[in-house]
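Colleague: Could you walk me through reading a residue's surroundings and the packing of helices? I'd like the general idea, then the case here.

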Amino acid sequence: MATRKPATYHCPATRWSLDDLVAALWQRRPWTMSRSSVWRILEEADLKPHRSVYWLNSHAPDFEAKAHDICSFYINALRVFEQGRVVICSDEKTGMQILERTYPTQPMAPGKPDKCEHEYIRHGTRALLASFVVATGQVVWHRGQTRTSTDFATHLAHVVKPLPDMHRYDWVVDNLNTHWSLDVCRVVAQWCKVPFVAKALSHGVQRRAFLRDPSHTHVFHFTPKHGSWLNQVELWLSVLARRFLKRGDFCSAPNFATRLSDSLAVYNTHQAHPYRWTYTGQPLVRATPFSQTRRQQRQGRAWFSSRPQRFERAFYPPRPYKRAAA
């Protein structure tokens, strides 16, 4: 009953509670069960009706093929870099708020975390265009107030300058319209020394096909729909948000720009490193209801005790968390 919707048992609630389960049991079968007994059964089966998480599933028909191709670039990035081929991941971090705390933050003390005032003074927003070199972990960035197609084309030209001469550049981007704009096609045509005909690139399908042309020196690889998490620069942007933006206190826009530039320079000189990419386009582990429990993460199995119950042995056999890639 707990794994089905409450409407199935004529319950008006949108999620189960212990009282609703007890009442539904009484209506279905005239025998009583206490709330504590229901709670123990749910706890034993690792069911949490009070919890709910959001998730995003990609329904693109070619998701597996695109994911496999992009992951193959990551796995072989260091080897192909030595052969004169570089993989670059590009994306934007928009809406970075420049916040100044109205009152100073109280430092942490033994037994107490630091206290940050909720009131702030807003000094505008900035956009960061970043490109992550997969083989080395270096980041090339471009800071501005907008992220238009012109800004992205300018950023691409800014990325190529410090890189060594390569015979192939693979760009991994998502499906934002600024990534396959006419300005980007013009820059790529200039790099690859191919004729640029604006009338032949009037539609988005034509532009994406032009950018994906494998005969070019610069080839773009677009992540599948709802698959922007396959872009490695997203990992670096999340680190930037946690380490620099989350508790930031900036007195002005120039102060924000200076501190951001210093932080990114320190990252490139002392902290830059390639990411260890483990996803290869196939599920990492078999999905089970016990896959998120702490005991399984610690012991690598789905059982709760040294002597599992019968239904656990039948439906959830033990299996290692780490499995060799196919």
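Modeller: Arg 259 sits in helix α9, residues 253–271. Helices here are DSSP runs of H or I, at least four residues, numbered from the N terminus. The model is predicted, so local features need pLDDT of at least 70 and side-chain atom pairs 80 or more, while totals for chains, interfaces and linings use all residues. Residues are numbered from 1 along each chain as its sequence is written, and side-chain values use heavy atoms, leaving out hydrogens and water.

Colleague: Is Arg 259 buried, exposed or partly exposed?

Modeller: Buried means under 20% relative accessible area, exposed over 50%, partly exposed in between (1.4 Å probe, protein chains only). Arg 259 has 35%, so it counts as partly exposed.

Colleague: Which residues is Arg 259 in contact with, beyond four places in sequence?

Modeller: Contact means heavy atoms within 4.5 Å. Arg 259 touches Phe 244, Asp 249 and Phe 250. Phe 244 is 15 residues away in sequence, with a C-alpha to C-alpha distance of 9.1 Å.

Colleague: And at what angle do α1 and α2 pack?

Modeller: Axes are lines fitted to C-alpha atoms, for helices over the stretch in contact, and angles run from 0 to 180 degrees between N-to-C directions. For α1 (residues 18–28) and α2 (residues 35–44) the angle is about 105°, with axes 9 Å apart. That makes the pair roughly perpendicular; the cut-offs are under 35 degrees for roughly parallel, over 145 for roughly antiparallel, 65 to 115 for roughly perpendicular, and oblique for the rest.

Colleague: How are α5 and α6 arranged?

Modeller: Their axes come within 8 Å and cross at roughly 25°, so α5 and α6 are roughly parallel.

Note on methods:
Helix = DSSP H or I, 4+ residues; strand = E, 2+ residues; numbered from the N terminus.
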